[in-house]
Each structure stands twice: as structure tokens, then as C-alpha cells.
Amino acid sequence: MDFKSSSLQLFLLLLASIALFHPISTHDLDHIHKSSHFLFPQHLLGSRKDHNIEGIHSVKTYLQRYGYLRKNYNIIDTNGAHNNTFDYHLESAVKKYQKFFKLNESGILDVETLHQMSESRCSVPDIFENDDNETSVTTSKLHIGSKYTFFPGRIKWPSWKKYQLKYSFIRNFPEEFKESVSAAFMIWYERSRFNFTEVVENEEADIRISFEVGNHGDWHPFTKEVLAHTFGPGDGRFHFNAEQSFSVEVTYGKYHVRTLALHELGHALGLAHSTNEDAIMFPSLSPNVVKDLDMDDVNGLWELYDGFDDAE
């Protein structure tokens, strides 16, 4: 046996012994897979209070966008540089985020937290800030254990509308997706007392649906992780992010149009985000996934509209 052969055998024996005593678990493999899909620089993994690391400001911007960090918190220092200090305020924001998504509330940017932050999602905030710079959500007072929430002030369509809403597709909305969005309206119709009527683009509509790109003039520019967003009752703007990939059927790497439309229409009717992962109003959505309304969504809408006048 020559030197190369004996060395190779010795290496293989060593590798086998490592695998025997230190096997690579599916948990480890899952962590490796997750860390390769981060929206943020991977060197931020493990960051915690009192660290000062380049790129921390991007996490602050993300958490501020979704309501976990106050709007008056300065991400840019007085000298114009990014504030990359992992301070008490950021730790508190990370814990709030971890609590919302049912993660370990460590305040540390661990794999699970950075992975969740990297998930594609709706850009409506999870938590809203009031005039006193306090963050909160308006939750249910009727259904114990419910996870749905409402916009501040529990805004809803006025009673004089009698639950009759008109919608339109505008700005050259892709024909291939119209049927899927209309199907989402039908699903909400079947689980509520709303009636929806499609009208042509130049007719007045309560809900106006379009595809938009980047900074599109509504003070809420699309960022990399955003799929869509919708303004609440009384406004009715519903915007898909045209830079994402959508499909009518379940397609690898693409987002299901009807599922996303169900979520956004929930906002148009007055629902905010739910912490229930099964609910259509959960903030994030993975590609290749189809969802329907959950009782959490239905209960939320019926509570918001006072049992639709006790169903008359």
C-alpha cells in the first residue's frame, strides 16, 4: 500500500469517527439552509445588545418600517452616519418582533429571527404608533384566544355603504390575474355580508387594484421583501409589487395571486395583521403556498362590523 492510499484511508476513518460522535443533524442542516436566504448580511447573525456592527442600521430600518421601533428613533446619527449600535431600544424591538412571530424572545439576532425577517411579506405594519409615540395594536375583546387585530381607531366602511363596495382594476392590470383576484372577493363575500361589484377603470370605485414598482407615489415604497400592501377602509388603494413573481396556480418560486389578494382585501375591509400563522392575515407568505380564510379572519371581520348588525 503506497503513502497516498494509506493517507486516504486514514482520512476516511477520521471523517467517519467525526460523523459518529458529532453527526450533522437535520436541525443543523436547516440552520445552514436558512442562513443562506438572509435578507440581511450574514455577519449580523448572533448580534446582541452592546454590539456595534456595520449593517445593524438595516435591521433598525426594517423594524421601524413594521412598527417595532418608534418613528422618532434616529437611525442616522447627527453627523450623518448610520447608527449601528445595538442599543436597548433595538433589543426591545427585536423582542417585540420575536414575540409577534412566536420566536424565542432573546433580543438576539439568531437564525430563526433573521430568517423570519427575510420572508416575503405585506408591507402594512404589524404594530401601529399613536400620536404619543406609543406602539400598540387594537385586539379583540370578544373572542378569547383570537389573534386578529384592527387598524387604529377600528376604521371600517361606513354604515351608509350598506356593505356594497365597488372595485376596479387600473393601470393596465394584467388580464391573467383578474380572475384570481375576483375569486378572492367572492371568498370574502361568502364569509361576510359584503357585496362586491367590479366596475370599469374610469368609474368611481371603493377599492382600486394595480401593480406598482418601487417608489410609486404613496409614501410607502416597495422594498425587496414586500409582496403588496393595501390601505384601509375609506382609501382602498391595493398595490401588488410588480417586481415579484406571481402565478395563478401553485408554481415553484412564485406567489399565489388569490392567496395574496385574500390577505390584501382583509386590509381593505379593515383587518390588520394576525399572529396566527394559519390566518390569511398573517403578515408573511412563502412562494408555492395556497391559503384560505381561517376562522380567526372571519371572526375578526364580524367583530369589526358588530356582527354585521347581528346578521339582521
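A salt bridge is a side-chain nitrogen of Lys or Arg within 4 Å of a carboxyl oxygen of Asp or Glu. The structure is a predicted model, in which local features need pLDDT of at least 70 and side-chain atom pairs count only at pLDDT 80 or more, while totals for chains, interfaces and linings use all residues. Residues are numbered from 1 along each chain as its sequence is written, and side-chain values use heavy atoms, with hydrogens and water left out.

**Exercise 1.** Determine which residue forms a salt bridge with R121, and state whether R121 is buried or exposed.

*Solution.*
Step 1. The partner of R121 is D126, and their closest N and O atoms are 2.8 Å apart.
Step 2. Accessibility is classed as buried (under 20% relative accessible area), exposed (over 50%) or partly exposed (in between), with a 1.4 Å probe and protein chains only.
Step 3. R121 has a relative accessible area of 1% and is therefore buried; D126, at 0%, also counts as buried.
Step 4. R121 has a further contact: its charged end sits over the ring of Y66, 3.6 Å from the ring centre. This term requires NZ of Lys or CZ of Arg within 6 Å of the ring centre and within 35 degrees of the ring normal.

**Exercise 2.** Locate the two residues of the salt bridge between E225 and R65 in the chain.

*Solution.*
Step 1. The side chains of E225 and R65 meet at 2.9 Å, N to O.
Step 2. E225 lies in the loop between β8 (207-212) and β9 (226-230), whereas R65 belongs to helix α3 (residues 56-65); the pair links parts of the chain 160 residues apart. Helices (H or I, at least four residues) and strands (E, at least two) are DSSP runs, numbered from the N terminus.
Step 3. E225 is buried at 4% relative accessibility, and R65 is partly exposed at 29%.

**Exercise 3.** Classify the aromatic pair of F128 and F151, and explain what the pair ties together.

*Solution.*
Step 1. Rings of Phe, Tyr and Trp (its six-membered ring) pair if their centres lie within 6.5 Å; planes under 30 degrees apart count as stacked, over 60 as edge-to-face and the rest as tilted.
Step 2. The whole structure holds 30 aromatic pairs. In one of them, F128 and F151 have centres 5.6 Å apart and planes at 65°, an edge-to-face arrangement.
Step 3. Because F128 lies in strand β2 (residues 128-129) and F151 in the loop between β5 (149-150) and β6 (164-169), the pair ties together parts 23 residues apart in sequence.
Step 4. F128 is buried at 16%, as is F151 at 7%.
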